[in-house]
Structure formats: C-alpha cells, structure tokens
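Me: Hi! Could you walk me through this one while I look at it?
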Amino acid sequence: MANYKSLIGRQWQYGVFDCYSIVRDYYALLGIKLPDYERPKSFETCKSIFLSDASKLNFKEVDINEREPNDVLIMKIWTKEPMHGAVLLKNDMILHQKFESVSCSEYFNHYYRKRTVGCFRYAA
C-alpha cells in the first residue's frame, strides 16, 4: 500500500490531474511506472484507454468479489464508455479524481459498485 495522502486534494484538471493521473501517480508511489496518454477530445467518441490497454500495462482482470487493495476499478460514470478509474485502498475505500472536483478517498459504496465494469490487478 502506497502512502497516497499527497494525492488527496488536487483540483481536477483534464490531462494533468484526472482519474488516470491519480492511478498513474499512485502506482508511481509503488515504484511502478505507467505511461501517460494523450487524453481524448470527446468522451462520446472514444473507447476506454485502460480497458483496451490493461494487458499491455501488465494488469489482469479479476473478479470484483476478489478485489484487494491496489486494484484498479474501472467505472462508467456519465460517459458512453467506462472511462473513470479509481484505486482500491484498505477497508473498501477508493482513491480517485472526480470530474471538476478535488481528488479524495471515499467508501466504495453502492453508487460506485453499481457503475464498476472491471477490476484489474497489476501482475508483473
């Protein structure tokens, strides 16, 4: 488990401090370098970057009921494709950067569980 406190409270800025940035920065704290990606111009016409590249990034999909801290959760929130990423922390908390808000940790509640389409574990 990374000491993620420095990642909390960042103001959302697309391509700088967004949900993929917080996943990437969290994994950097674990010593794992994930590539940065150019962000799509429109959420309505793009595919989920993480879902399409998970295996190339050495992540394997696991059953959501087998989730563990450090897993990445991919959610479909207000977009056509699943575009939101969060990191699972201890005690079913998630670390994520919400759209036009500040990054935070909060409980992986029913709202987020219902919108989760995949759970991925770093496997390298």
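Me: Which way do strand 2 and strand 6 pair, and over how many bridges?
Reply: Strand 2 (residues 72–75) and strand 6 are antiparallel, with four bridges. Pairing takes at least two DSSP bridges between two strands, and strands are DSSP E runs of at least two residues, helices H or I runs of at least four, numbered from the N terminus. This is a predicted model, where local features need pLDDT of at least 70, side-chain atom pairs count only at pLDDT 80 or more, and totals for chains, interfaces and linings use all residues. Residues are numbered from 1 along each chain as its sequence is written, and side-chain values use heavy atoms, leaving out hydrogens and water.

Me: What's opposite C119 there?
Reply: L73 faces C119 of strand 6.

Me: And what does strand 1 do with strand 6?
Reply: Strand 1 (residues 59–62) runs antiparallel to strand 6, joined by four bridges. Here K60 sits opposite R121.

Me: Why call strand 6 largely enclosed?
Reply: Because five of its seven residues (116–122) are buried, meaning under 20% relative accessible area with a 1.4 Å probe and protein chains only; exposed is over 50%, and partly exposed lies in between.

Me: Switching topic, how many residues of helix 1 are buried?
Reply: Nine of the 11 in helix 1 (residues 19–29), so the helix is largely enclosed by the rest of the structure. Among them are Y20, I22 and V23.

Me: What comes after helix 1?
Reply: G31 follows helix 1, and its phi is positive, near 85°.

Me: Last one: is W78 buried or exposed?
Reply: W78 counts as exposed, because its relative accessibility is 72%. You'll find W78 in the loop between strand 2 and strand 3.
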